[in-house]
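Visitor: I would like to go through this structure piece by piece. Please start with the overall make-up.

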Amino acid sequence: MAEGDAARYGQPVELPRLQPALAGENYVDAEDNAFLDLDDEVVTQKPGPIQIVLAHEDDHNFELDESALEKVLLQEHIKDLNIVVVSVAGAFRKGKSFLLDFMLRYMYNQNSSSWIGGNHDPLTGFTWRGGCERETTGIQVWNEVFVIDKPDGAKVAVLLMDTQGAFDSQSTIKDCATVFALSTMTSSVQVYNLSQNIQEDDLQHLQLFTEYGRLAMEEIYQKPFQTLMFLIRDWSYPYEHPYGLEGGKQFLEKRLQVKLHQHEELQNVRRHIHSCFSNLGCFLLPHPGLKVATNPSFDGRLNDIDEDFKKELQNLVPLLLAPENLVEKEISGSKVTCRDLVQYFKAYIKIYQGEELPHPKSMLQATAEANNLAAVAGAKDTYNKGMEQVCGGDKPYIAPADLERKHQELKEVAIKQFRSVKKMGGEEFCHRYQDQLEEELDDIYANFVKHNDGKNIFYAARTPATLFAVMFAMYIISGLTGFLGMVSIATLCNAVTGLALASLCTWAYVKYSGEFREVGTLIDQLAEVLWEQRNPKKVCSKLVEVVRRRMARRALTSAQRQRLSSNNNKKKN
């Protein structure tokens, strides 16, 4: 979320624009700032934030603005350079853009010892304003990529990234997780912007968001993300841990320590964070002062900010952006160029637009689901135990009507048990799980019915009896139709007899050996269809009808031949 410290206290600030006075020597006016696009056309571009990931509030989905991203990263002079991406993420209205604008001052004036600016210069760059509503949606980057010479002589491209703040009133947990995960996956340094302290829910949210990012990465042979910097704003306990990096290091070690007698849930959160990031750091930043909190016209001027804050800010920004401290982006151990990052953005956004990943849920929703699923499991267990007492493995065959009656009784008991359990989520939410329970109980009952039928000796003999009946019937019909001269029908009946005999032999082998069970199941199903759907009376009447039509056709043919022979004799006479 693009917002400043003033926004955290509700002060309105005019929309910013980058001023030459703040940009220093490296500032380039709009007329002089020419870049080459993909078609080698010269376009002018004024330095400013540009949206690369668009947030659609109607369907809570995200879209990559590929053309905007390509215009920034595929400029001819930077596209093959290794890239450094510094991102700031965290809850909305906590001063992320305020920090990024000081980073911009440093990047434009890093050769100057007074890069932080003049006391009366308004703070400009990424958009920030007062109020309690969010400003930025999706992900923004500064459209000017800075080319920096590292101490070893290598040139790298530095990109600054601003993200939509988490936990505002219009974003779902999935929205927050997607933005945080996407920025963490594409950045080399992720600044996790927190207020006053590191609370347990901050660590739990970090665990959720990073796991959502890790799921989207196909192959992970090592820690998937690079540097995470906890930035604790408005730190109020310098007497315990001093401001700055050293105090933050001591504090972070204490917060992320895995203790022997710690609850397993707390241990898992800390182990997860350690397993996700190659480097972990923490910086303690003091409060910017009462003038920032109470002055409604505060616009970022340094003379309104406390000296302690300015002092620590001058330590923090070079710690992230000084040439000797730059962290180049790596994925799977390989350094990433500007051109590569475009492709990674496209690949990652497609994953989050699809349905392959599970949807992150709020703690209430996840707890309610677990609560209802546990109630469903308990009710199913009660039903299973009751049915096992009726027709379990060592129980004798029971009449189907009695089995169905017992099923209905136990089903009512299971549903009553489900309803009696105290559940979270509300009546409508729980009703969905009750419907799921009823469907699953019906499926379990169908399996018990099959198990019970298997104990019926006549049911077990249904398949061979059906096949034997088919062979006997086809044998009789074959003999009858052969006697009447219906050779084609007799041949067909003989073929069916042979097929039934082969099926019977195959079925017997399957039951004896246990092999080719799918074939045995298919034969059982065909026999069941013949047994239940084909009435012998219907079969016989059909065959009689076929024979009657065939004999009538033969009689008609014989009469026509006699008539033709009689006519020929008359002509000869």
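Visitor: How many helices and strands does the protein chain have?
Guide: The model is a predicted one. In the protein chain, the secondary structure amounts to 19 helices and 13 strands.

Visitor: What share of the residues in the protein chain is buried?
Guide: A residue counts as buried when its relative accessible area is under 20%. The protein chain has 573 residues, and the share of them that is buried is 45%.

Visitor: Which strands pair with strand E9?
Guide: Strand E9 covers residues 189–195, and six of its seven residues are buried. Strand E5 (residues 82–90) runs parallel to E9 and is joined to E9 by five bridges. Seven bridges, also in the parallel sense, link E9 to residues 225–233.

Visitor: How far does helix H17 reach from its first C-alpha to its last?
Guide: Helix H17 spans residues 487–513, 27 residues in total. At 1.5 Å a residue, 39 Å is expected, and the reach in the model is close to that, at 39 Å.

Visitor: Which residue just after H17 takes a positive phi?
Guide: Within H17, the buried residues include Ile489, Cys493, Leu504 and Trp507. Just after the helix, a positive phi of about 80 degrees belongs to glycine 514.

Technical notes:
Residues numbered from 1 in each chain as written. Predicted model: local features only at pLDDT ≥ 70, side-chain atom pairs only at ≥ 80, totals over all residues. Heavy atoms only, no water. Helix = DSSP H or I, 4+ residues; strand = E, 2+ residues; numbered from the N terminus. Buried < 20%, exposed > 50% of the residue type's maximum accessible area, 1.4 Å probe, protein only. Pairing = 2+ DSSP bridges. Expected span 1.5 Å × (residues − 1).
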